[in-house]
Structures are given as C-alpha cells and as structure tokens.
Amino acid sequence: MKKNLKRHRNAQSKDSCINPERHTASCGSPSPILLIGGGGHALSLLEIMDPDDYPAGYSSPEPSGRMPLPWIGDDDTLRGKYPPGTARLVCAYVYGGRPDLSVRRKLIESFPGYSFPTVIAPSAIVTPSSLVGEGTQIMHRCVINRATIGNHCIVNTGAIVEHDCQTEDNVFIGPGAILGGEVSIGSDSFIGLGATVRNGVKICSGAVIGMGTDVMTDITKPGIYVGHGKRLIRLPV
C-alpha cells in the first residue's frame with residue numbers, strides 16, 4: 001500500500017472530518033462515497049460520517065436488513081457500476097472469525113485506482129502534528145497525540161495512541177486500547193479491546209494482541225499473544 005499521510009486538524013467539531021478532499025466525477029459533481037461491507041462496523045461508521053458526505057450505498061455478498069442504505073450488490077457489481085474515479089470507497093469490513101487482517105488488506109487491494117477517504121469522528125482528538133493515512137478510520141473519543149497512523153487503519157472507540165507512536169498500514173486498534181509513547185506496530189496487526197502496550201515496545205507485522213493483554217516487551221514473531229507482562233504467552237495458531 002502506497003503511503004499517503006496527511007496532517008489533520010483537531011477533529012473535534014460539529015461534523016466528522018473526511019479527507020483527502022473530495023474527488024469529482026466527470027460531470028463535476030462530488031463523486032459518491034460507497035461502503036464496502038454491511039456489518040456492525042459499517043453501522044458504526046454511518047454514525048460518525050459527515051451528513052454532506054453520507055454514503056450512497058454499500059456492497060456485500062448479500063443485503064443486510066440492518067443497513068439503512070441501498071444495497072449495490074457484491075464487490076464485483078460495485079466495480080462494474082462504479083469504475084475507478086467515479087466513487088470514493090470506505091472499507092467497513094474488518095475481519096471474519098479470527099482476527100486475520102490480511103483478508104482486509106487483500107480486499108482493499110482488490111480495488112486499485114479508487115480513492116479511500118480518511119474518516120475521523122467529531123469527538124476524536126487528533127493533534128495538529130499527527131499524521132493519518134489514506135482510508136484510515138478514527139472512531140469516537142479516540143486520542144491521537146503527535147503520532148503517525150498508516151493507511152487503512154482502524155482506531156476504534158476510546159483508544160489512545162500516545163506521542164511518537166507509529167503504525168504501519170492496515171492496523172486495528174481495539175476499543176479502549178492504550179499505546180504508550182514511541183510504540184511501533186507492524187502492518188496487519190490487531191490490538192484487542194482494552195489491551196495496553198508499554199512505551200517503546202515494537203510489535204511485528206501480523207501480530208494479534210488479545211483482549212486485555214499487557215505487552216511489556218517487543219514482539220518479534222507473528223502469532224496470537226495473551227497474558228500480562230512477563231506472563232505473556234504465544235498461542236498456537
């Protein structure tokens with residue numbers, strides 16, 4: 001995934017912040033935003049998106065009775081109806097079953113040439129010196145404090161990312177998780193709900209940190225990790 005990091009104003013405002021700036025279709029009017037996926041995260045995204053940039057529809061293998069948007073069809077149907085340059089996409093798919101973020105990455109990469117706007121909730125705090133990548137989603141009450149967040153990441157409700165942290169692309173940070181200062185997280189990693197990562201820790205690509213886990217030392221091998229401090233264990237996959 002090509003890096004496309006941008007500085008963002010403090011996101012606390014009446015409406016959510018959607019970046020980069022709007023792309024326009026050939027007629028000159030703003031191109032529509034479409035969601036990829038129709039599950040629970042899609043519904044959460046609808047709660048934070050700017051009414052002026054409200055999605056025009058969603059794609060998924062089957063229609064969802066919970067989604068208040070028109071169902072476009074599956075992903076191939078979306079590509080056929082909306083070629084690159086005619087729509088902006090927001091990936092609302094996170095994972096299915098075990099938290100394997102590589103599936104999400106492959107889904108995003110199956111839409112080459114499309115624009116993925118950044119979505120930031122109105123209640124999130126993103127400091128002016130923070131860098132946030134294309135397609136990243138910052139949910140309600142998050143704090144991004146002078147940190148760098150890669151492309152297509154999800155920082156979920158109430159998570160805190162402290163100063164000088166860096167994440168690569170397609171990282172999921174769960175609700176209430178806390179990253180201390182100068183933490184580094186590799187691509188396709190999953191930080192579970194309420195997990196904490198000590199200052200200066202480095203986590204390799206493809207790691208899964210379980211719910212409520214405390215990470216005190218570097219993680220150098222992909223896998224599923226649970227536990228606290230020195231009792232951190234790597235589970236068999």
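What follows is a short tour, from the whole chain down to a single residue.

Keep in mind that this is a predicted model. The chain is made up of three helices and 25 strands. It has 237 residues, and 51% of them count as buried.

**The chain as a whole**

- The chain exposes about 10700 Å², with 53% of that coming from carbon and sulfur atoms.
- Take the contacts between residues at least 6 apart in sequence: 36% of these join residues at least 24 apart.

- Six strands make up an open sheet, and they come in the order 8-11-14-17-20-23 with parallel pairing.
- At the edges you'll find strand 8 (125-126) and strand 23 (214-215), each of which pairs on one side only.
- Inside that order, strand 14 (residues 160-161) and strand 17 (residues 178-179) run parallel and are joined by two bridges.
- If you'd like a pair of residues to look for, Ile160 has Ile178 in strand 17 as its bridge partner.
- As a bit of background, strands of a sheet pair through backbone hydrogen bonds, and they can do that either parallel or antiparallel.

**Strands 3 and 6**

- Strand 3 (residues 33-36) runs parallel to strand 6, and four bridges join the two.
- Look across from Leu34 and you'll see Leu89 in strand 6.
- Strand 6 (residues 88-91) is covered on both faces. Arg88 and Val90 are buried on one side, while Leu89 and Cys91 are buried on the other.

**Helix 3**

- Helix 3 covers residues 101-109, and its buried residues are Leu101, Arg104, Arg105, Leu107 and Ile108.

**A closer look at Thr213**

- Where is Thr213? You'll find Thr213 in the loop between strand 22 (207-209) and strand 23.
- Is Thr213 buried or exposed? Its relative accessible area is 1%, and buried means under 20%, so Thr213 counts as buried.
- Leaving out residues up to four places away in sequence, Thr213 touches Ala195, Thr196, Tyr225, Val226, Gly227 and Leu232.

How values were computed: Residues numbered from 1 in each chain as written. Predicted model: local features only at pLDDT ≥ 70, side-chain atom pairs only at ≥ 80, totals over all residues. Heavy atoms only, no water. Buried < 20%, exposed > 50% of the residue type's maximum accessible area, 1.4 Å probe, protein only. Pairing = 2+ DSSP bridges. Contact = heavy atoms within 4.5 Å. Areas by Shrake-Rupley, 256 points an atom, 1.4 Å probe, with all protein chains shown as cover.
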